[in-house]
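Subject: The structure for you to look at

Hi there,

Here is the structure I promised to send over. Please have it open while you read, and my notes on it follow below.

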Amino acid sequence: KYDLYLRGYVGGADFDADLVSRVLAKQKDQPVTVLIDSLGGSLATALSIAAAFREHGNVTAHFVGMNASAATIASMGAQHITMDSSAMYLVHKCSAEFFQWASLNADQLQAQIDQLAQMKTDLEKMDWNVAQMYARKCKKRVEDLLSLMKTGGWLTAEEAQQWGFVDS
């Protein structure tokens, strides 16, 4: 039933942009149906997969299980998105790993503060980019999607459809 199964970590071996590109190339000018079952992962990989789906054109993505974050972003390039009635869907603001365990003098602390300010700016740009993608799909204002992303929380299949993330 499915031409492509994308499971696990977005950016891992089973949810990889190169794998997606190979399958889409073999199915050139043919409809492709993709099963997605993932708690998320790499934004970079998700954006690449969304672009590949968009470029191919005739892609249907179907969600099963628990789907979050980068998995939902990857689907944004699909022409049609469906969701199993028992599946779940999560959108949230972008995040980046951060851990600092150190003893810093005032200059080093300021350098750390400057680095964190840049990280915050970058994350805000990523959030805006993702919210624009969601807004186009959902036919809603970017600000509404940013608000939902800030709140976070799991959506049922019915709620995901009401928001416009999925078609059926």
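What pattern does the protein follow, read along the sequence? The answer is β-α-β-α-β-β-α-β-β-α-α-β-α. That comes to six helices and seven strands, where helices (H or I, at least four residues) and strands (E, at least two) are DSSP runs, numbered from the N terminus.

A word on how to read the numbers. This is a predicted model, in which local features need pLDDT of at least 70, side-chain atom pairs count only at pLDDT 80 or more, and totals for chains, interfaces and linings use all residues. Residues are numbered from 1 along each chain as its sequence is written, and side-chain values use heavy atoms, with hydrogens and water left out.

**The protein overall**

Taken along the principal axes, the C-alpha atoms fill a box of roughly 60 × 35 × 25 Å. Of the 168 residues, 42% are buried; buried means under 20% relative accessible area, exposed over 50%, and partly exposed in between, with a 1.4 Å probe and protein chains only. Among contacts (heavy atoms within 4.5 Å) with a separation of 6 or more, 65% are between residues 24 or more positions apart.

As for charge, there are 15 positive and 19 negative side chains, and the centres of the two sets lie 5 Å apart. Lys and Arg count as positive and Asp and Glu as negative, while His and the chain ends are not counted. Each charge is placed at NZ of Lys, CZ of Arg, CG of Asp or CD of Glu.

Two strands pair if DSSP finds at least two bridges between them. Strand 4 and strand 6 (residues 88–90) run parallel and are joined by three bridges. Within that pairing, Asn67 has Tyr89 of strand 6 as its bridge partner.

Gly164 sits in the segment after helix 6 (157–163). Is Gly164 buried or exposed? Gly164 has a relative accessible area of 16%, so it counts as buried. Leaving aside neighbours within four places in sequence, Gly164 is in contact with Lys137 and Cys138.
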